[in-house]
Amino acid sequence: MSIPLIGVSACTRSSEGGSHYHQVGHKYLSAVATTAKGLPMPIPAMADQIDMDDLLDKLDGLFLTGSPSNVEPQHYDGPDFRPETERDPLRDSMTLPLIRKALDRGLPIFAVCRGHQELNVVLGGTLHQNLHELPGKRDHRMRRDIPLQDRYDVAHPVDIKPGGMLERLAGKTGDVMVNSLHAQGIDRLGDGLFVECVSDDGVIEAVSLPSAKGFLLSVQWHPEHPTALAWPLSQAMFKAFGDAARAYAAQK
């Protein structure tokens, strides 16, 4: 069986000199290649220049990456961003319609961090922009007072709910430790989504879509980083995604 082609969402950035870039972190591409056993293909945020249907014809899976930027609030009727908020409207214009089209086709989708939030917005959900300011919520943001590799180590438990995909992949319900590097999080849950697990302070940390035509799993944490990719649940998630992509490719 040929290796499945996995589209990987890219972010944009601009240099002080005015040059523009589309970028995907190595950790995302490596996790797809080594653990999902797919061929990662970065998808530039060029919605006005790419035929999305033609692109999706070629893909066997879609991996939605994390990012320092946040989904523009007009996409979910949220409050205006604060001036310091990082944003990437070009990514929004590419990923949000691409997710809708991928869902319609039953293309396997695996989403992490920003991708998790994008999926929720596409399905009609909303986001909290600053979780740490809500009563009873911990600070889920990335710690900057420790070495980079340690920022992706375990930070808090999530409670895996019975009857979902994570229970099957983890082989159990109850607490599993994950990392935490986000300021935003799900507020109102998107239509049809099943809550796979929540953090100990009540944040929705993973969802699936029982009515999806194909594989769909979305998590708020970062299982793709080498530190986290060594965890059994991370490996199981990427393997399941890769298996779904191979099955999708075989049916073309």
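Mentor: A residue is called buried under 20% relative accessible area, exposed over 50% and partly exposed in between, using a 1.4 Å probe and protein chains only. This is a predicted model, in which local features need pLDDT of at least 70 and side-chain atom pairs count only at pLDDT 80 or more, while totals for chains, interfaces and linings use all residues. Residues are numbered from 1 along each chain as its sequence is written, and side-chain values use heavy atoms, with hydrogens and water left out.

Trainee: Is Ala240 buried or exposed?

Mentor: Ala240 belongs to helix 7; helices (H or I, at least four residues) and strands (E, at least two) are DSSP runs numbered from the N terminus. The relative accessible area of Ala240 is 18%, so this residue is buried.

Trainee: Which residues does Ala240 touch, not counting residues up to four places away in sequence?

Mentor: Contact means heavy atoms within 4.5 Å. With residues up to four places away in sequence not counted, Ala240 touches Leu169 and Phe215.

Trainee: What length does helix 7 reach from its first C-alpha to its last?

Mentor: Helix 7 covers residues 232-250, which is 19 residues. The expected span is 1.5 Å times one less than the number of residues. The helix comes close to that expected value, with a reach of 27 Å.

Trainee: What is the geometry of the pair formed by Phe63 and Phe238?

Mentor: Rings of Phe, Tyr and Trp (its six-membered ring) pair if their centres lie within 6.5 Å; planes under 30 degrees apart are stacked, over 60 edge-to-face and the rest tilted. By this rule there are seven aromatic pairs. For Phe63 and Phe238 the ring centres are 5.6 Å apart and the planes stand at 75°, so the pair is edge-to-face.

Trainee: Where does Phe63 lie, given that Phe238 is in helix 7?

Mentor: The pair links distant parts of the chain, 175 residues apart. Both residues are buried. Phe238 lies in helix 7, and Phe63 in strand 5 (residues 61-64).

Trainee: What is the geometry of the pair formed by Phe215 and Phe241?

Mentor: Phe241 is in helix 7, and Phe215 is in the loop between strand 12 (204-208) and strand 13 (216-219). Phe215 and Phe241 are buried. Their ring centres are 5.9 Å apart and their planes at 40°, so the pair is tilted.

Trainee: What is the volume of the largest cavity?

Mentor: On a 1 Å grid over the protein atoms alone, a cavity is a set of points where a 1.4 Å probe fits but cannot get out, whereas a pocket is an open set with protein on both sides within 12 Å along at least five of seven lines; lining residues have an atom within 4 Å of a point. Grid points are joined across faces, edges and corners, and a volume is the space filled by probe spheres set on the points. The lining of the largest cavity includes Phe215. The structure holds one cavity of 30 Å³ or more, and the largest cavity has a volume of about 40 Å³.

Trainee: Which residues are closest to the centre of the largest pocket?

Mentor: The largest pocket has a volume of about 870 Å³. Of the 33 residues that line this pocket, the closest to its centre are Ser67, Pro68, Ser69, Glu86 and Arg144.

Trainee: Which residues lie nearest the centre of the second largest pocket?

Mentor: The second largest pocket has a volume of about 240 Å³. Its lining consists of 16 residues, of which those nearest the centre are Asp139, Arg141, Arg143, Ala155 and Ser180.
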